[in-house]
Amino acid sequence: MSRADPATHADAQLQRWCDEEARVRQRMQPDPGLARLDQLAGLDGLAQMQAMLDGELPPPPIALTLDFLLIEVAKGKAVFQGKPQFRHYNPLGTVHGGWFATLLDSALGCAVHTTLEPGSGYTTLEFKVNLVRALTDKVPLVRAIGEVTHRGRQVATSEARLLGHDGKLYAHASTTCLIFEQRQG
């Protein structure tokens, strides 16, 4: 194996991520917002998340504010992609930990969201993040990959990793969520 192979692989991965983001952006609604209750009626959590990817529901405002978007969902899994920007920097000259945390929290929570039955909701009870590497705007894209580790009747846990296109780990996190029946009206 030549020394160029890892770089070639990373370049190919970055191109795949860029292409996938372009396909998602073509389908998604351009303006952020909130889904109306009548749009969510009868949909389970996975169908709600898929409807957002398909452009039937708007993306949440936070995604526009912090330059990230939902890329993929499956039962018990959610993937978000973000572009670190200079405007996300802290006074030390790196991306603020809150940006890491928001991206990871979105992947963690939405992974749980994909397991919800119609009429159910969830809220975060606990959230822990470990920052393991500094992030700058020289890193073109990162992905937060969240997966449910346990889903009970009232409590769910999930874990997520924040990775660069080259496979570097920037952070990892875990959460515990409370599952509940939403009140109507």
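Analyst: Buried means under 20% relative accessible area, exposed means over 50%, and partly exposed lies in between (1.4 Å probe, protein chains only). The model is predicted, so local features need pLDDT of at least 70 and side-chain atom pairs count only at pLDDT 80 or more, while totals for chains, interfaces and linings use all residues. Residues are numbered from 1 along each chain as its sequence is written, and side-chain values use heavy atoms, with hydrogens and water left out.

Helices (H or I, at least four residues) and strands (E, at least two) are DSSP runs, numbered from the N terminus; two strands pair if DSSP finds at least two bridges between them. Six strands form an open sheet with antiparallel pairing, in the order β1-β2-β4-β5-β6-β3. Its edge strands, β1 (68–74) and β3 (120–131), each pair on one side only.

A salt bridge is a side-chain nitrogen of Lys or Arg within 4 Å of a carboxyl oxygen of Asp or Glu; the whole structure holds five. Lysine 77 forms one with glutamate 72, their closest N and O atoms being 3.6 Å apart. Lysine 77 is partly exposed at 23% relative accessibility, and glutamate 72 is partly exposed at 28%.

Another salt bridge links glutamate 20 and arginine 143, with the closest N and O atoms 3.0 Å apart. Glutamate 20 lies in helix α1 (residues 4–27) and arginine 143 in strand β4 (residues 142–151), so the pair ties together parts 123 residues apart in sequence. Arginine 143 is buried at 6% relative accessibility, whereas glutamate 20 is partly exposed at 22%.
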